[in-house]
Amino acid sequence: MGNLHGWGGPLPQSWLDQQLLLQKKILARMYELGMTPVLPAFSGNVPAALKYIFPSAKITRLGNWFTVGGNPRWCCTYLLDATDPLFIEIGKAFIQQQLKEYGRTGHIYNCDTFDENTPPVDDPEYISSLGAAIFKGMQSGDSNAIWLMQGWLFSYDPFWRPPQMKALLHSVPMGRLVVLDLFAEVKPIWITSEQFYGVPYIWCMLHNFAGNIEMYGILDAVASGPVEARTSENSTMVGVGMSMEGIEQNPVVYDLMSEMAFQHNKVDVKVWIALYSTRRYGKSVPEIQDAWNILYQTVYNCTDGSYDKNRDVIVAFPDIDPSFIPTPKLSMPGGYHHYGKSVSRRTVLNEITNSFEQPHLWYSTSEVKDALGLFIASGDQLSGSNTYRYDLVDLTRQALAKYANQLFLEVIEAYQLNDVRGAACHSQKFLELVEDMDTLLACHDGFLLGPWLESAKQLAQDEQQEIQFEWNARTQITMWFDNTEAEASLLRDYGNKYWSGLLQDYYGPRAAIYFKYLLESLETGNEFALKDWRREWIKLTNDWQNSRNAYPVRSSGNAIDTSRRLYNKYLQNPEIYDL
C-alpha cells in the first residue's frame, strides 16, 4: 500500500530474480487461459534518493503507519505530489518499462495512492487534480489504460466524505476507472455512495484478514449481496470478486462465493447448505446435515458488522496488566480498584483499548458444541473423507478456542479476587488445553506449521538464504519485526495461526510466562511486572524466530479419536461452556 518502504530485509537479488521469472510464468498462463492480468501503475511512492536527484520536486514525507516509535527505517515513506510534472513523466516511464519487460499488457492497472494514506488537503479541486494526474501517468504509457482502484479507503478513512469521494471518482473519464467494493459483504459502499456516483465497480468479498484461522462468515450476505447490487436501480456493478488477505480457511464461504459469479438469482442458503455436506464428503449423512444447518445459523451468520481479525487469547495474547482486564462476573460500575487505589474508568478503558482487543464472539457456543457432537457421532460413516476430517479438526479447534477465552477470564477473575489457588488452577488448565489443541491440530495436514516453514526454505539457494527465509516465515506469523527489547511490535499476532507446532513451542510458552508473573504478583502482593513480562515474552519471540528446529510436514494421530477425547474432556460440562 506504500505505507512502508522496507520491513526487515534486505532480500537477496536472487529472490527478486525468482519473483520476476514467476511473474512472467503467471502472466503467460493467464493470457493462455483468456484472463486479463492487472499490472501495477506508478502510485507516487518514491525512494528518498529522488529528493536529491530532483531537489525542486514536490516530495512529502508521510506519517507513521503501525511502527514502534515511527522508526524511519521502515515507515514514513516519501510521496511525489501528483500535481508535480515529474509524476506524469515517471508514470509514463513506469508503464513503458513494464511493457518492455513483460512484452504485452491487458491495459488494466492497479494504483492505490491513498490506501491508508490520507491526502494532505481535503479540497475537492485538489483531490480531482491528483486523480487526473495519476490517470494521465498511466495513459501516457498506454493510451488504452483503465485504472482499477481498491475502495478500501472509502470504508477505512473518514477523510473520504461525499465531496472528496466524488472528486476522486470523477477525475477520470467515465469507463476508464473501475472500483473494487472491497468489503461489500460487511460494509457495502455501493449503497451509501449512490453506486460510486456512477462509476463502475466490482462487488467483492473480503472475509479474511491475514490468513487467520477462525470459523466465520456471512453466508446470507454472500448469497444475496452480488445479486442485489446487480439488480438494484441504476446499478453500475460490472462484476464480482474475492479480495481476502489469506486463503486455506473456511472452505464453505469460498465455495459459495465462487458460485456467485454464475448466479442470476439469490441463493437459498438453507437449501444450498443441505446439499453442501454431501458434495464435500461424498455421502449424505443426516446428522452432518443437521450440524451444518446449525453452523449456518451460528458461526456463518455473523451480522454484527465487526471485522473478524482473530483475537482469541491463545493466538493473540493480551499485553496488559491483568488488573485492567474486564471480566463478566466482576462489574465495577463506579470505577476500578488497582491495589487499593481507585482508578478512573477512562484510564482503564484507554489501557484496555490500547492493549487488549476482546475476542470476537457473535454466536451461541453451546449450539456450536451441539454441532460438534453431531460431527463426532458421524465419524464412523465419514472416517475415509479427508474433507470431513479437516472440518472436524477445525470445528473442534473453534469450540476449544472459545472455551480457552473463557478459561483465561477465569484466571483473571481469580487474580482480581486475590485467589492464588484459583489462578494457579485455571492457568494450568489453560496451558494443558493449549497442549491438547496442538495435538488435535497435528491430526490434519491443513493445520501444520511445518509446510509453511519448509516452503520458505525451499526458495533458498544457499544456507544463508535458508536461514533468512525461515526467519522471515517465523517472524511474519508472530511478532513481525520492529519490536524493541521492551516494546512489542504494533503488528504483533496480526498473522496469527492455529498451527500445530506454533501452539506447543510459542503460544503455550508465551502464556506460561504471563501466568508466571501473574502468580508472582498474587504471592508477593506487588503489582504485575508488566515490563518484565514484555521483556521475557519478546526474548522468547526473538529466540523462536531465530531457531532452526524442524516441524512435521505430514499429520499424525487420529482426528476422530482426538476430537472425541477433547470434546469429552473440556466441553461436556454445560456450566463452564454455555455462553
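**View 1. Lys402 and Asp312 in a predicted model.** In this predicted model, the side chains of Lys402 and Asp312 come together as a salt bridge, with 2.8 Å from N to O. Lys402 belongs to helix H16, whereas Asp312 sits in the loop between helix H12 (286-297) and strand E10 (336-338), so the pair ties together parts that are 90 residues apart in sequence. Lys402 has a relative accessibility of 2% and therefore counts as buried, the limit being under 20%. Asp312, at 0% relative accessibility, likewise counts as buried.

**View 2. Asp391 and Arg280, a salt bridge between two helices.** The closest N and O atoms of Asp391 and Arg280 are 2.7 Å apart in this salt bridge. Because Asp391 lies in helix H16 (residues 386-416) and Arg280 in helix H11 (residues 269-281), the contact ties together parts that are 111 residues apart in sequence. Asp391 and Arg280 are both buried.

View 3. Asp543 has a relative accessible area of 43% and is partly exposed.

**View 4. A network of salt bridges.** Glu432, Asp436, Arg565 and Lys569 are linked with one another in a network of salt bridges. Counted with a cut-off of within 4 Å between a side-chain nitrogen of Lys or Arg and a carboxyl oxygen of Asp or Glu, the salt bridges number 23.

How values were computed. Residues numbered from 1 in each chain as written. Predicted model: local features only at pLDDT ≥ 70, side-chain atom pairs only at ≥ 80, totals over all residues. Heavy atoms only, no water. Helix = DSSP H or I, 4+ residues; strand = E, 2+ residues; numbered from the N terminus. Buried < 20%, exposed > 50% of the residue type's maximum accessible area, 1.4 Å probe, protein only.
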